[in-house]
Amino acid sequence: MTSSDERQPSNLRRLIWLAAFVVVLFAIYSGGWFYLANRVRSEADKAVATLNKTGVEAGCANLQVSGYPLSFTVSCDNLAYEDDARNVAASAGSFKAAAQIIQPLSPVANLRGPLRTSVPGMAPLWIDWDNLQANVKLWWPLPQRIALEAEGLSGQTDPADDSDPVQLFSAGKAAGQLQPNGADIDYLGSFGDLEIDPGAIGGRVLPALDASGDATLKNGVALIGTQLKSLRGQAIEIRNLYLSSGTARITVSGPLSVDAEGLVNADLMIRLKDPKAVAAILGAAIPEQKSQIEQGFSALTVLGNEPSMLLTVVKGKPSLGFIPLGKIKPLD
């Protein structure tokens with residue numbers, strides 16, 4: 001027998017062992033996938049049953065788990081939540097969350113509108129969108145990142161009677177991202193082409209607006225899961241917050257906090273671009289103060305087309321430079 005004849009059975013045995021290993025590995029994976037799918041269904045049923053015992057009705061209609069073998073997808077036809085004791089209700093369209101096997105901790109979720117809400121003290125709302133997607137990077141004990149993106153966002157009231165709804169706003173796009181940063185929580189957000197209906201703000205007129213924000217909520221991690229009943233004791237660091245329309249832009253940065261007595265304290269740097277355009281927008285939005293706004297902003301033009309000023313608030317008493325601006329009432 002030649003050496004090549006001896007190698008052939010050896011190579012065949014290796015191939016058989018490799019195939020057997022792959023089959024066993026795939027069987028273990030398949031068992032794990034279907035176990036997790038059944039666990040998701042049973043945990044969802046338990047969660048709904050637990051809520052129902054407390055007088056809350058919640059549901060994920062026609063819950064399905066699919067995607068085997070290359071992904072894990074959870075979907076349902078619609079979402080609903082109703083708490084009669086608190087007079088709170090919300091419902092939305094179909095929901096789908098999917099995670100690829102190669103990235104199991106980074107699911108992507110899509111939610112169809114409209115979102116209908118009913119909360120005490122507010123008119124029922126109807127919020128809709130063309131596309132709404134959430135990207136989550138899971139970790140323990142908190143997600144490393146939660147990001148939301150929406151296109152074609154709009155909102156209106158949702159009257160329970162036969163009265164006509166009131167249009168509130170529309171935005172071409174909006175996005176927001178939250179992520180823990182030690183004990184704090186960082187926030188990045190933006191929106192574009194925001195149009196606020198005059199009927200929603202007492203007939204006042206605002207042009208289409210763009211905005212972006214970058215801020216940190218101090219001690220934000222400890223606030224997760226708690227019902228925030230007061231702004232007292234809260235603090236935020238604004239790295240960059242801007243609001244613009246056309247050539248007009250207002251940029252704000254600096255720390256802001258509310259002390260135990262509800263008094264605001266802040267050191268905010270305010271930068272303007274094209275003060276005359278900013279004054280025109282504010283004058284249209286606050287017509288009863290139009291003349292004062294025009295006079296105040298005309299004085300800023302001597303500082304150039306992009307003036308900066310420091311807004312200081314000490315114990316609820318704001319001042320712009322050396323000019324006092326009255327008093328801010330204590331916050332609850």
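Residues are called buried under 20% relative accessible area, exposed over 50% and partly exposed in between, and by this scale Asp214, at 23%, counts as partly exposed. The structure described here is a predicted model, and the terms of accessibility are applied below to the residues that take part in its side-chain contacts.

In the whole structure, nine salt bridges are found. Among them is the contact between Asp158 and Arg116, for which the closest N and O atoms are again separated by 2.8 Å. Asp158 is placed in the loop between β11 and β12, whereas Arg116 is placed in strand β8 (residues 115-118), so this pair ties together parts that are 42 residues apart in sequence. Asp158 has a relative accessible area of 14% and is therefore buried, while Arg116, with 37%, is partly exposed.

Lys46 is exposed, with a relative accessible area of 52%, and Glu43 is partly exposed, at 35%. Together with Arg39, Glu43 and Lys46 are linked in a network of salt bridges.

Helix α1 spans residues 3-53 and includes Ile16. Ile16 is also one of the residues of a nonpolar surface patch, the others being Leu12, Leu15, Leu18, Phe21, Val22 and Leu25, with about 710 Å² of accessible area together.

Aromatic contacts were examined next. A pair of aromatic rings is described by the distance of the centres and the angle of the planes. The structure holds seven aromatic pairs. One of these, between Phe26 and Tyr68, is tilted, with 6.3 Å centre to centre and 50° between the planes. Because Phe26 lies in helix α1 and Tyr68 in the loop between β2 (64-66) and β3 (71-76), the pair ties together parts that are 42 residues apart in sequence. Phe26 is partly exposed, with a relative accessible area of 44%, and Tyr68 is also partly exposed, at 32% relative accessibility. Tyr68 forms an aromatic pair with Tyr29 as well, and this pair is stacked, with 6.4 Å between centres and 20° between the planes. Here too distant parts of the chain are linked, as Tyr29 lies in helix α1 and Tyr68 in the loop between β2 and β3, 39 residues apart. Tyr29 counts as partly exposed, its relative accessibility being 26%. Through ring pairs, Phe26, Tyr29 and Tyr68 are linked with Trp33, Phe34 and Phe72 into a cluster. Elsewhere, the charged end of Arg249 sits over the ring of Tyr242, at 4.2 Å from the ring centre.

Strand pairing was followed through β11, β12 and β13. Strand β11 (residues 145-157) runs antiparallel to strand β12 (residues 167-181), to which it is joined by ten bridges, and Ala147 stands opposite Gln177 of β12. Strand β12 is in turn joined by eleven bridges to strand β13 (residues 184-196), also in antiparallel orientation, with Phe191 in β13 as the bridge partner of Ala174. In the hairpin of β12 and β13, two residues are found between the strands, and Gly182 takes a positive phi near 65°.

Conventions:
Residues numbered from 1 in each chain as written. Predicted model: local features only at pLDDT ≥ 70, side-chain atom pairs only at ≥ 80, totals over all residues. Heavy atoms only, no water. Pairing = 2+ DSSP bridges. Helix = DSSP H or I, 4+ residues; strand = E, 2+ residues; numbered from the N terminus. Patch = residues over 30% accessible without salt bridge, like charges linked within 9 Å, V, L, I, M, F, W, Y side chains within 5 Å. Areas by Shrake-Rupley, 256 points an atom, 1.4 Å probe, with all protein chains shown as cover. Salt bridge = Lys/Arg side-chain N within 4 Å of Asp/Glu carboxyl O. Phe/Tyr/Trp six-rings, centres within 6.5 Å; stacked < 30°, edge-to-face > 60°. Buried < 20%, exposed > 50% of the residue type's maximum accessible area, 1.4 Å probe, protein only. Lys NZ or Arg CZ within 6 Å of the ring centre and 35° of its normal.
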